[in-house]
Amino acid sequence: MRIVITGTPGTGKTEVAKHLSSLLSFELISIKDFVLESHLGKEKDGEIEVGIPLLKRRLSEFIGPRKDFVLEGHLACEFTVPYDHIFVLRTHPETLRKRLLPRNYSEKKLNSNLMTEMLDYCYLTSILHYKDVGELDTSTSTAIETAQRIVKNIRDGAQLDSVNWSAELKDFVLNRTI
Ligand SMILES: Nc1ncnc2c1ncn2[C@@H]1O[C@H](COP(=O)(O)OP(=O)(O)OP(=O)(O)O)[C@@H](O)[C@H]1O
Ligand SMILES: [Mg+2]
């Protein structure tokens, strides 16, 4: 089974994907590691710089006939990776801000990541490239709990979340409350 985990930076993809791959005994593929190990791009200010068409081509070649894996990375929403299930991790902007603070991003970069999350960018972009996109709010659960929810969803169709940060977005823009 081919599982894709995407979402805004800091939503917990790497942590959740690690738990998920170990729960299912599937190979773990990190797009960030793949780009760096394949010398397709560089890390700059904690972000991967790589051309999407090149990444798409090389990643598809790498995946090839692989059947069981968990692939994680925010760039996975930008194109279609061979998949059976896709999940977008979501995080309340206040929680996301706390998670991103240790990264020492500039205020501009921090706010741009929060806006990306509040505008549903990864979710909507995933819908452009994949079918049956699931959302999970990681704000109030642990990474292992999120991984367990994904397993339950795949096995029994357990319900996922429907995230909407529009009230937070309005607050953010009007009052800078987050
Ligand atoms: N419920 C949760 N699920 C996942 N991570 C969580 C959760 N709660 C707290 N965290 C913490 O959030 C931080 C960000 O997680 P992680 O590095 O996995 O994000 P990411 O989505 O992979 O980010 P990036 O796109 O920058 O690689 C970590 O310190 C992680 O331990
Ligand atoms: Mg990560």
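A pocket is an open set of grid points, on a 1 Å grid over the protein atoms alone, with protein on both sides within 12 Å along at least five of seven lines. In this predicted model, the second largest pocket holds about 190 Å³ of space, and the largest pocket holds about 560 Å³.

**Second largest pocket**

- The lining of the second largest pocket includes Pro9, Glu47, His74, Leu75, Cys77 and Glu78.
- Also in this lining are Lys109, Ser112, Asn113, Thr116, Tyr121 and Cys122.
- Sorted by class, the residues around the second largest pocket are 5 nonpolar, 4 polar and 3 charged.

**Largest pocket**

- The space in the largest pocket comes to about 560 Å³.
- Its lining has 33 residues, and those closest to the centre of the pocket are Lys13, Thr14, Glu15, Lys32 and Glu72.
- Three helices, H1 (13-24), H2 (31-37) and H7 (143-156), are among the elements that give two or more residues to this lining.
- Strand S2 (27-30) and strand S4 (47-49) also give two or more residues to the lining of the largest pocket.
- The most comes from H2, which gives 5 residues to the lining of the largest pocket.
- By class, 11 nonpolar, 12 polar and 10 charged residues make up the lining of the largest pocket.

- S6 pairs in the parallel sense with strand S1 (residues 2-7), over 5 bridges.
- Histidine 85 in S6 has isoleucine 3 standing opposite.
- S6 also pairs with strand S7 (residues 133-137), in the parallel sense and over 5 bridges.
- Leucine 89 has leucine 136, in S7, as its bridge partner.

**Salt bridges**

- Side chains of opposite charge can pair when their charged atoms come close.
- The whole structure contains 9 salt bridges.
- One of them joins arginine 66 and glutamate 27, with the closest N and O atoms 2.9 Å apart.
- Because arginine 66 lies in the loop between helix H3 (52-63) and strand S5 (69-72) and glutamate 27 lies in strand S2, the pair ties together parts that are 39 residues apart in sequence.
- Arginine 66 is partly exposed, at 29% relative accessibility, and glutamate 27 is partly exposed at 33%.
- A salt bridge also links the side chains of glutamate 61 and arginine 58, at 3.9 Å from N to O.
- Both glutamate 61 and arginine 58 belong to helix H3, where they are 3 residues apart, about one turn of the helix.
- Glutamate 61 counts as exposed because its relative accessible area is 51%, and the cut-off for exposed is over 50%.
- Arginine 58 has a relative accessible area of 32% and is therefore partly exposed.
- Aspartate 161 and arginine 149 meet through their side chains in a salt bridge of 2.9 Å, N to O.
- Aspartate 161 is in the loop between H7 and helix H8 (166-175) and arginine 149 is in helix H7, so this pair ties together parts that are 12 residues apart in sequence.
- Aspartate 161 is partly exposed, with 27% relative accessibility, and arginine 149 is partly exposed with 27%.
- A network of salt bridges links Arg90, Glu117, Asp120 and Glu135.

**Leucine 128**

- Leucine 128 is located in helix H6.
- Its relative accessibility is 69%, so leucine 128 counts as exposed.
- Leucine 128 and tryptophan 165 are 37 residues apart along the chain, and their C-alpha atoms are separated by 20 Å.

How values were computed:
Residues numbered from 1 in each chain as written. Chains lettered and ligands numbered in written order. Predicted model: local features only at pLDDT ≥ 70, side-chain atom pairs only at ≥ 80, totals over all residues. Heavy atoms only, no water. 1 Å grid on protein atoms, 1.4 Å probe; cavity = no way out; pocket = protein on both sides within 12 Å on 5 of 7 lines; lining within 4 Å. Points joined across faces, edges and corners; volume = space filled by probe spheres on them. Helix = DSSP H or I, 4+ residues; strand = E, 2+ residues; numbered from the N terminus. Nonpolar A, V, L, I, M, F, W, Y, C, P; charged D, E, K, R; others polar. Buried < 20%, exposed > 50% of the residue type's maximum accessible area, 1.4 Å probe, protein only. Pairing = 2+ DSSP bridges. Salt bridge = Lys/Arg side-chain N within 4 Å of Asp/Glu carboxyl O.
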